[in-house]
Amino acid sequence: MPAPLPVPDLHGVRPSLVQLTHVIYGLHALAVLIGVTSAASVAGGFVFGLPSLIAVFLNYLKRGDVAGTWLESHFRWQIRTFWFTALWLVVYGLLIITIIGIPLAWILIALLGLWVGYRVVRGWVALAGVRPVGS
């Protein structure tokens, strides 16, 4: 019979909360994938897509459960990624409605998409390594 797999030290955090955080990153990643493979932009898919809306709802719903743990940084990271992306989409919207701002808007939306993808990957990698993110 094979030896059991070692269980990672979760630093006193309930495994179900770690699993939930993986699910939330998965929802955010799905929103990015939808943005890449559809007519929506990555940032637009991230902020307005159902997977990310569900993810940020779960972040706010379970934020109290992770307070004071290393997972708190992941929830803060995910929430901030969502809201900063929404803010920059407003800037994009203001730029796109002006003739002179259109080239800047296209550059902004491309960079924003890369930034969102980076944030999802960096956070998820830190979670897989059982460590906080953004510090």
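Which handedness, left-handed or right-handed, does the crossing of H1 and H4 have? In this predicted model, in which residues are numbered from 1 along each chain as its sequence is written, local features need a pLDDT of at least 70 and side-chain atom pairs count only at pLDDT 80 or more, while totals for chains, interfaces and linings use all residues. Side-chain values use heavy atoms, with hydrogens and water left out.

The protein chain averages a pLDDT (the predictor's confidence in each residue, from 0 to 100) of 89, and 92% of the residues score at least 70. Confidence is lowest in helix H2 (residues 42-48), with a mean of 82, and highest in helix H3 (residues 50-66), at 95; helices are DSSP runs (H or I, at least four residues), numbered from the N terminus.

The axes of H1 (residues 15-37) and H4 (residues 71-96), which come within 11 Å, cross at roughly 20°, where axes are lines fitted to C-alpha atoms over the stretch in contact and angles run from 0 to 180 degrees between N-to-C directions. H1 and H4 are therefore roughly parallel to each other (angles under 35 degrees), and their crossing is left-handed, the near helix being turned anticlockwise from the far one by less than a right angle. The contact (heavy atoms within 4.5 Å) involves residues including Leu 17, Ile 24 and His 28 of H1 and Phe 75 and Trp 77 of H4.

Val 56, which is found in helix H3, is buried, with a relative accessible area of 7% (buried means under 20%, with a 1.4 Å probe and protein chains only). Not counting residues up to four places away in sequence, Val 56 touches His 28, Ile 79 and Phe 82.

Key
Helices (H or I, at least four residues) and strands (E, at least two) are DSSP runs, numbered from the N terminus. Angles under 35 degrees count as roughly parallel, over 145 as roughly antiparallel, 65 to 115 as roughly perpendicular and the rest as oblique. Buried means under 20% relative accessible area, exposed over 50%, partly exposed in between (1.4 Å probe, protein chains only).
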